[in-house]
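Here are my notes on the model you sent. Please keep the 3D view open as you read.

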Amino acid sequence: MADVVLRRAVAGDARAVADVWLRSFTAALPTVVRPRSDDDVRDYFENVVVPARETWLAEAAGGGVVGVMVLHEQELSQLYLDPAWRGRGIGDRFVALAKGRSPGGLTLWTFQVNKPAHRFYERHGFTAVEFTDGSGNEEREPDVRYVWQPQD
């Protein structure tokens with residue numbers, strides 16, 4: 001997809017990245033209650049995520065941020081796409097990038113209600129290894145941990 005470039009986020013991208021996260025979360029997870037306000041999410045991306053995590057973004061021709069992926073050690077901790085940009089291969093490119101950056105394996109969490117995410121990650125070789133009641137996350141929403149291990 002030549003009209004979208006993946007690149008590392010810099011400080012000036014934090015708000016646009018947070019806004020993609022907010023739009024995507026709202027569209028994909030309408031039943032999940034967010035414990036933080038939009039401004040809190042933007043502050044978190046500006047002060048924690050972009051400066052302290054390996055944050056990647058998808059930028060469409062013309063400069064619009066349409067996706068975000070965050071890696072921290074061997075954890076893929078965020079992968080969100082602007083709803084209008086789903087189904088165009090950007091998520092596939094992000095996962096390939098994550099696997100390349102963490103060739104020894106990856107882990108991630110997603111909510112149990114997010115069935116499209118389950119199908120997406122399973123298609124990319126991730127396996128569900130743990131289901132929880134949500135007591136360990138801020139949203140208090142049941143979640144599932146996925147693991148990807150490279151093939152020998």
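The points below run from the whole chain down to single residues.

1. **What kind of model.** This is a predicted model, in which local features need pLDDT of at least 70 and side-chain atom pairs count only at pLDDT 80 or more, while totals for chains, interfaces and linings use all residues. Residues are numbered from 1 along each chain as its sequence is written, and side-chain values use heavy atoms, with hydrogens and water left out.

2. **Layout.** The chain has four helices and seven strands. Helices (H or I, at least four residues) and strands (E, at least two) are DSSP runs, numbered from the N terminus. Follow the sequence and the pattern reads β-α-α-β-β-β-α-β-α-β-β.

3. **Overall dimensions.** The radius of gyration is 15 Å, which agrees with the value near 15 Å for a compact globule of 152 residues. That radius is taken over C-alpha atoms, and the globule rule is 2.2 Å times the number of residues to the power 0.38. Along the principal axes, the C-alpha atoms fill a box of roughly 40 × 40 × 30 Å.

4. Of the 152 residues, 45% count as buried. Buried means under 20% relative accessible area, exposed means over 50%, and partly exposed is in between (1.4 Å probe, protein chains only). The accessible surface comes to about 7,900 Å², and 49% of that belongs to carbon and sulfur atoms. These areas come from the Shrake-Rupley method with a 1.4 Å probe; for residues, only the protein chains shown count as cover.

5. **Contacts along the chain.** Take contacts between residues at least 6 apart in sequence: 61% of them join residues at least 24 apart. Contact means heavy atoms within 4.5 Å.

6. **Salt bridges.** How many salt bridges are there? The count comes to eleven. The rule asks for a side-chain nitrogen of Lys or Arg within 4 Å of a carboxyl oxygen of Asp or Glu. Side chains of opposite charge can pair when their charged atoms come close.

7. **A network to look at.** Salt bridges link Arg 15, Asp 19, Asp 39 and Arg 42 in a network. Start with Arg 15 and Asp 19, whose side chains meet at 3.9 Å, N to O. They are separated by about one helical turn, because they sit four residues apart in helix α1 (residues 14–28). Arg 15 is exposed, at 52% relative accessibility. Asp 19 is buried, at 18%.

8. Are Arg 42 and Asp 19 buried or exposed? Both are buried.

9. **A bridge between loops.** Arg 36 and Glu 138 meet in a salt bridge at 2.4 Å, N to O. Again the pair links distant parts of the chain, 102 residues apart: Arg 36 is in the loop between α1 and α2, and Glu 138 is in the loop between β6 (127–131) and β7 (143–148). Arg 36 is partly exposed, at 42%. Glu 138 is partly exposed too, at 43%.

10. **Arg 34.** Arg 34 is found in the loop between α1 and α2. Its relative accessibility is 24%, so it counts as partly exposed. Neighbours within four places in sequence aside, Arg 34 is in contact with Trp 21, Leu 22, Phe 25 and Val 41.

11. **Two positive phi values.** Most residues other than glycine have a negative phi. Glu 73 has a positive phi of about 60°. Look for Glu 73 in the loop between β3 (65–72) and β4 (75–81); it is exposed, at 69%. Arg 140 has a positive phi near 60°. Arg 140 lies in the loop between β6 and β7 and is exposed, at 54%.

12. **Ala 61.** Finish in the loop between β2 (54–60) and β3, the place of Ala 61. Ala 61 is exposed, at 66% relative accessibility. From Ala 61 to Val 5 the C-alpha distance is 7.9 Å, although the two are 56 residues apart in sequence.
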